[in-house]
Amino acid sequence: MTATMHSLLPEAPLEGGLLGRVQYWFACLFVVGWTGVVCVGLFRQFGLGEVPCQLCLVQRMFMVLAALGACHVIRTALTYGAVTGRDYMTGWGLALVAATGGSFASWRQTALHILPGAKGYGAEVLGLHLYVWAWILFQLSVAAIGVVLAFAHATADRAIPTSGPGPYRAVGHFALWFLGAAVALSLAAVFLEQGFHWFLPDDPGRYEFFHDLGVLDGPAASGTPTPTPGPRRS
């Protein structure tokens, strides 16, 4: 009774429905997808020596916030076996705000390098810089969230088989733990880059934490030279 009242689920037995399960899988895909994007940034940071700038880190924060919105949907389904319309609005509303903010941050960084002859910052992936890809993905996320919110009335209060062992519960827990690990690594990466200073440098070329300790003075902890940045990004 307490769990039912807390989640505002109806007293009547829950009905099944394909759309409810589809939206649950989409929430898992949303979390895993954005977490994967963050992990790509971490790989390029430590594996390729591309130290992220301030706008890069802002975009990562919005990616994490967007994923956390979908995590609310997953967590509700794992706890109660269904998701109410109110929980959909809470979770996807947070994701929508984050995707909108991330769109602006990535657009801002793209606009700084849009003039002819501008080299941009960092290496390209399939012909586009990471911040351009981030803008595209944020825009696609806004559109996708709009679609799932449009169907929220048909997916709310539908039974999702997450109570026992099975793919629904396993994938949901994997998505939550995957994001948690990425967040922990991201926090550690920011601390290493910023050190004990209040602000990050505009054009970072080293990890201030190691530099302050006199352990490392090179451009990156991986020992790989940092790509030559373009003009100032902020």
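Modeller: A pocket here is an open set of grid points with protein on both sides within 12 Å along at least five of seven lines, and its volume is the space filled by probe spheres set on the points. Please keep in mind that this is a predicted model.

Colleague: Okay, how much space lies in the second largest pocket?

Modeller: The second largest pocket holds about 230 Å³ of space.

Colleague: And which residues line the second largest pocket?

Modeller: The lining is made up of Leu 57, Arg 60, Met 61, Val 64, Val 183, Ser 186, Leu 187, Val 190, Gln 194 and Leu 200. By class, seven of these are nonpolar, two are polar and one is charged.

Colleague: Which element gives the largest share of that lining?

Modeller: That is α7, with five residues. Two helices, α3 (54-80) and α7 (167-194), each supply at least two residues of the lining.

Colleague: Switching topic: where does Val 148 lie, and is Val 148 buried or exposed?

Modeller: Val 148 lies in helix α5, which covers residues 130-150. Its relative accessibility is 11%, and because buried means under 20%, Val 148 counts as buried.

Colleague: What is Val 148 in contact with, leaving aside its neighbours in sequence?

Modeller: Setting aside neighbours within four places in sequence, Val 148 is in contact with Gln 23, Phe 26 and Trp 92. Val 148 and Trp 92 are 56 residues apart along the chain, while their C-alpha atoms are separated by 8.4 Å.

Colleague: What about Thr 84, where is its place?

Modeller: Thr 84 sits in the loop between α3 and α4, the latter being residues 85-112. With a relative accessible area of 5%, Thr 84 is buried, and its side chain makes a polar contact with the side chain of Asp 87 at 2.9 Å.

Colleague: Is Cys 71 buried or exposed, and how does Cys 39 count?

Modeller: Cys 71 has a relative accessible area of 9% and is therefore buried. Cys 39, with a relative accessible area of 26%, is partly exposed, because that class runs between the 20% and 50% limits.

Terms used:
Residues numbered from 1 in each chain as written. Predicted model: local features only at pLDDT ≥ 70, side-chain atom pairs only at ≥ 80, totals over all residues. Heavy atoms only, no water. 1 Å grid on protein atoms, 1.4 Å probe; cavity = no way out; pocket = protein on both sides within 12 Å on 5 of 7 lines; lining within 4 Å. Helix = DSSP H or I, 4+ residues; strand = E, 2+ residues; numbered from the N terminus. Nonpolar A, V, L, I, M, F, W, Y, C, P; charged D, E, K, R; others polar. Buried < 20%, exposed > 50% of the residue type's maximum accessible area, 1.4 Å probe, protein only. Contact = heavy atoms within 4.5 Å. Polar contact = N/O pair within 3.5 Å; in protein donor to acceptor, adjacent residues only side chain to side chain.
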